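Subject: Structure handover

Hi,

Here is the structure I promised to pass on. Have a look at it first, and then read on for what turned up.

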Amino acid sequence: RMWIAQEKKYLRQSLRTRDLETAKQRAEEKCLQTYSDVQTGRKIFGITLQELVDSFLEWRKKDIGLITEGRWNTIKVQTNRVLEYKSGDLKVAELDVNSFYDYQQHRINTKGASLVTIRNEQATINQMIAFGYRQGLCHFQQLEFRPIRIAKDEVGKRDVFTLSEYDKLVRYLRTYTNDKECKKDDFIKRERLMVRYCILIASNTMMRVGELWNLTWGDVLNVEKTKDNQNQDVHLVTINVRAETSKVRSSRKIISRGGEYFLKLKDNTEYTDKKHYVFSSIDGTHQFDKRKWYLHWGALMRGIGIDDYKERNLTWYSLRHFGITCRIRANVSFSDISKVAGTSVSNIENHYGHYDDDMLKNTALKNFSVKTDGLALND
């Protein structure tokens, strides 16, 4: 036995041998290991659930660079759900594999969480338990949860704007940024103009929200004016999406419509050095406050009459879905869309293919004729 002053307890342990020399050797090894554990802050007699959450988050924080800071914040939210279900003062040693079996019912009944959200939370919670097991803080490798069955259509699906809703949003953005609505306040007007251009850029470039909000002017490589396939003027923008800002940790170069909005953004700010954020705070040196992004989004959704935008899961990310759906509507191949959007063809098919009635009708109206040398599709 040995006294652990930090926890004010004696550690008692059998050395499982009757041989004195073997016992001495094992005791010495155990003492050295225990002293090492104490020095590194490890609890000898078990840690609380709160301490496990804190240790796991500190460990995952070292991965920022391999994962985005946004992903780490998501992990933080997910692991803190544990403390809503069980007390943070509860000792991890008091848990067993079935302690979270009814977690699904808790999340549905208290917060109305979706099954997809719950499944993702459970996966992160089990990552934390596995971490605790590897560190000797937990006596089992993972928790057992009640099985979740999710229909294929429910996985990763978000609602998407209809064409009329998006048109209403674009028209309302003009009102949202006029002098009357901004009360002739230059600060408010500049901020709202940035939000307006961000929405238009997001739906044109199909970029992820994290990629978009982390753009610097150095990432905007070129804007050129040209003609599209209907001989209409269009501004193409070339953007470098850096690996460290991408969800999939892979860099890519994209060329898309919407270049004119970058030009207008430049006219709206004096901070256009390569290191400055495209969507920056008023001083140009910091990113625009995330909380403000969502405050503006809520105001815009209510302004166009979509009061149930939260229930429909219409978010900033829905602009990416809308942009991809529009490219599908324009008969751009899934392969080409995947290169610009930075996702797989199967992911587009499973998560981004939002077919409305007009698109389905066009599919039904396509015809073919039989020729002697085979089938001919009539577009």
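Let's start at R1, which lies over the face of Y10, 4.5 Å from the ring centre. Do keep in mind that this is a predicted model.

Now for rings meeting rings. A pair of aromatic rings is described by the distance of the centres and the angle of the planes. The structure holds 20 aromatic pairs. Take F100 and Y103: their ring centres are 6.4 Å apart and their planes are at 45 degrees, so this pair is tilted.

W293 and W316 give you an edge-to-face pair, with 5.1 Å from centre to centre and 80 degrees between the planes. This pair links distant parts of the chain, as the two residues are 23 apart. You'll find W293 in helix 11 (residues 290-303), while W316 is in the loop between helix 11 and helix 12 (318-329). W293 and W316 are both buried. They also belong to one aromatic cluster, together with F161, W213, F279, F288, Y294 and W297.

From there, hop over to S318, which is found in helix 12. Is S318 buried or exposed? It has 0% relative accessibility, so S318 counts as buried. Its side chain reaches the backbone oxygen of N313 at 3.4 Å. Leaving aside residues up to four places away in sequence, S318 touches D159, V160, F161 and N313.

Last stop, the strands. Strand 4 (residues 233-241) and strand 5 pair in the antiparallel sense, over five bridges. If you want a place to look, I239 stands opposite I254 in strand 5. In a regular strand the side chains alternate between the two faces of the sheet. Which residues of strand 5 (residues 252-256) are on its covered face? Those are R252, I254 and S256, whereas K253 and I255 make up the uncovered face. That puts I254, the residue opposite I239, on the covered face.

Happy browsing!

Methods
Residues are numbered from 1 along each chain as its sequence is written. This is a predicted model: local features need pLDDT of at least 70, side-chain atom pairs count only at pLDDT 80 or more; totals for chains, interfaces and linings use all residues. Side-chain values use heavy atoms; hydrogens and water are left out. Rings of Phe, Tyr and Trp (its six-membered ring) pair if their centres lie within 6.5 Å; planes under 30 degrees apart count as stacked, over 60 as edge-to-face and the rest as tilted. Helices (H or I, at least four residues) and strands (E, at least two) are DSSP runs, numbered from the N terminus. Buried means under 20% relative accessible area, exposed over 50%, partly exposed in between (1.4 Å probe, protein chains only). A charge sits over a ring if NZ of Lys or CZ of Arg is within 6 Å of the ring centre and within 35 degrees of the ring normal. Two strands pair if DSSP finds at least two bridges between them. A polar contact is a pair of N or O atoms within 3.5 Å; within protein, one must be able to donate a hydrogen and the other to accept it, and residues adjacent in sequence count only if both atoms are side-chain atoms. Contact means heavy atoms within 4.5 Å.
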